[in-house]
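Subject: Structure handover

Hello,

Here is the structure for your files. My notes follow below it.

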Amino acid sequence: MYSDLSDNELLELINDHKDNDAMETLIKRYGPLVTRQSRSLYIIGADEEDLIQEGMIGLVKAVNDYKTDKGASFKTFAFMCVRRQMLTAVSSSNNQRNTPLNHYISIYGDDNSDYSSPLDEMESGVITNPEDIMLAKLHESDLIKLIDSKLSKLEKQVLDEYLTGASYEVIGERLGKPAKSIDNAVQRIRAKLRDI
């Protein structure tokens, strides 16, 4: 069964035998990582699906480019490829046609190093100098405080769970609420973020 195979075993099947089932298994395994990354960026006027698509491109690049002898695990390499693909999509959207993609904020604070760092953004070309990094961090901190002040207790809990990539049903089970309540809370959160 493919789901019992390690990442490296799946990669071997993909690279040596062009095994589509192995590729599908790896994509399913890392799909939640892509979803979490897409949720870590809020893009004004764009759809989350756009970022998920970019993340999947990054995942496929990771599969094609990963070398076991480089020392990093596939998980680490995949995370980096997915993240950079998304940030590159944001930074390369600097033309007028894609103006909404130029305005994004991280909705993680400084204490969540698994998701975004100024170095990631600096290397991707989104932030280009130390002064801009400092200003962006101050702006992000102020923005997080503002968001926190606008959300209800339930909305904060839902947002925290939503950003892990959990489905509405799973979030509902964790919080003791029906999935419809979770959906309503997510819609309210989106509306409040748009207003902010």
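Ring pairs join Tyr30, Tyr66, Phe74 and Phe77 into a cluster. Rings of Phe, Tyr and Trp (its six-membered ring) pair if their centres lie within 6.5 Å; planes under 30 degrees apart are stacked, over 60 edge-to-face, the rest tilted.

Some ground rules. This is a predicted model: local features need pLDDT of at least 70, side-chain atom pairs count only at pLDDT 80 or more, and totals for chains, interfaces and linings use all residues. Numbering runs from 1 along each chain as its sequence is written, and side-chain values use heavy atoms, with hydrogens and water left out.

The whole structure holds four aromatic pairs. Tyr30 and Phe74 are edge-to-face, because their ring centres are 5.3 Å apart and their planes at 80 degrees. Tyr30 sits in helix 2 and Phe74 in helix 4, so this pair ties together parts 44 residues apart in sequence. Helices are DSSP runs (H or I, at least four residues), numbered from the N terminus. Tyr30 is buried at 6% relative accessible area; Phe74 is buried at 2%. Buried means under 20%, exposed over 50%, partly exposed in between (1.4 Å probe, protein chains only).

Tyr162 and Tyr168 form a tilted pair: 6.5 Å centre to centre, 35 degrees between planes. Tyr162 is buried at 11%. Tyr168, at 21%, is partly exposed.

Next, Gly58. It is in helix 3 and buried, at 0% relative accessible area. Beyond its neighbours within four places in sequence, Gly58 contacts Cys81, Val82 and Gln85. Contact means heavy atoms within 4.5 Å.

Best regards

Methods: Helix = DSSP H or I, 4+ residues; strand = E, 2+ residues; numbered from the N terminus.
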